[in-house]
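Q: I would like to learn how to read the features of a protein model, one at a time. Please begin with the contacts between side chains.

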Amino acid sequence: MVALPIRDRTGNALVGFRYVAEKEPAYPVEQVPASLVVVAHANAVLMMFDSRRKQWELPGGMREPGETTRQAAVRELREETGIHVAGLTFAAMAEFDLTKPERRELLAVYKVQLQIVPRLIENDEALDFRWWPPSEPVREDMSPLDAEIARRVVHSPTT
């Protein structure tokens, strides 16, 4: 793990990472607009190649109206990868300073440990998938922010 903050190539920064208990209303909904999912299998984490940002990153995305962060995580994981799983474990809250537009956001981070490698479905958002061992260096075509989140979740004593 590296010291925070860390920045990506566009100036976005991961500025905080807190292991906290999951309490859906504990954070105002407008402060937690999205969720990420760390999908682990054996000693690797699932990364998807995002069609818009052209980089490897964790599955996840924005909440839809009326959704909780958990519901958004389950839906985004299904839409982006084809993985149907409801048993996600809440892992942490990640705090970002984002650039376009400039804002500070919290993202809910969930984890699922899979026993078998699932069939993954490429789509308009996820052009490809790879299993990345967090012990390996972060490649230039990976989101360093998502890689750091994955490392912290995988090495957390609580998840």
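A: Glu 148 and Arg 152 are four residues apart in helix H2 (residues 144-154), so about one helical turn separates them. Helices (H or I, at least four residues) and strands (E, at least two) are DSSP runs, numbered from the N terminus. Salt bridges that share partners also join Glu 64, Glu 67, Arg 75, Glu 76 and Glu 79 into one network. A salt bridge places a side-chain nitrogen of Lys or Arg within 4 Å of a carboxyl oxygen of Asp or Glu. Glu 148 forms such a bridge with Arg 152, the closest N and O atoms being 2.8 Å apart.

Q: On what basis are these values given?

A: The model is predicted: local features need pLDDT of at least 70 and side-chain atom pairs count only at pLDDT 80 or more, while totals for chains, interfaces and linings use all residues. Residues are numbered from 1 along each chain as its sequence is written, and side-chain values use heavy atoms, leaving out hydrogens and water.

Q: How many salt bridges does the structure hold?

A: There are twelve. Among them, Glu 67 and Arg 75 meet at 2.7 Å, N to O, and Arg 104 pairs with Glu 95, with 2.9 Å between the closest N and O atoms.

Q: Are Glu 148 and Arg 152 buried or exposed?

A: A residue is buried under 20% relative accessible area, exposed over 50%, and partly exposed in between (1.4 Å probe, protein chains only). Glu 148 has 2% relative accessibility, and so counts as buried. Arg 152 is buried at 13%, and Glu 95 is buried at 14%. Glu 67 and Arg 75 are both buried.

Q: How does one read the overall fold?

A: One lists the elements in order. The chain has two helices and nine strands, which run β-β-β-β-β-β-α-β-β-β-α from the N terminus on. The radius of gyration is taken over C-alpha atoms, and the globule rule is 2.2 Å times the number of residues to the power 0.38. For 159 residues a compact globule would have a radius near 15 Å, and the chain, with 14 Å, agrees. Its C-alpha trace spans about 35 × 35 × 30 Å along the principal axes. Buried residues make up 50% of the 159 residues.

Q: Which strands pair with S4?

A: Two strands pair if DSSP finds at least two bridges between them. S4 runs antiparallel to strand S3 (residues 34-41), with two bridges; Ala 40 stands opposite Val 45. Five bridges join S4 to strand S9 (residues 126-132), also in the antiparallel sense, and there Asp 50 has Ala 126 as its bridge partner. Strand S5 (residues 55-57) is antiparallel to S4 over three bridges, with Trp 56 as the partner of Phe 49.

Q: What is found in the turns on either side of S4?

A: Most residues other than glycine have a negative phi, and most peptide bonds are trans. The S3-S4 hairpin has two residues between its strands, and Ala 42 in the turn has a positive phi of about 55°. Ala 42 is exposed, at 58% relative accessible area. The S4-S5 hairpin has four residues between its strands, and Lys 54 in that turn likewise has a positive phi of about 55°. Lys 54 is partly exposed, at 46%.

Q: Where are cis peptide bonds found?

A: One joins Leu 4 and Pro 5, with omega about 10°; Pro 5 lies in the segment before strand S1 (6-7). Another runs from Lys 100 to Pro 101, with omega near 0°, and Pro 101 is in the loop between S7 and S8.

Q: What is the volume of the largest pocket, and which residues are closest to its centre?

A: The volume, that is, the space filled by probe spheres set on grid points joined across faces, edges and corners, is about 870 Å³. Of the 32 lining residues, Asn 12, Arg 52, Arg 53, Glu 57 and Arg 103 are the closest to the centre. On a 1 Å grid over the protein atoms alone, a pocket is an open set of points where a 1.4 Å probe fits, with protein on both sides within 12 Å along at least five of seven lines; lining residues have an atom within 4 Å of a point.
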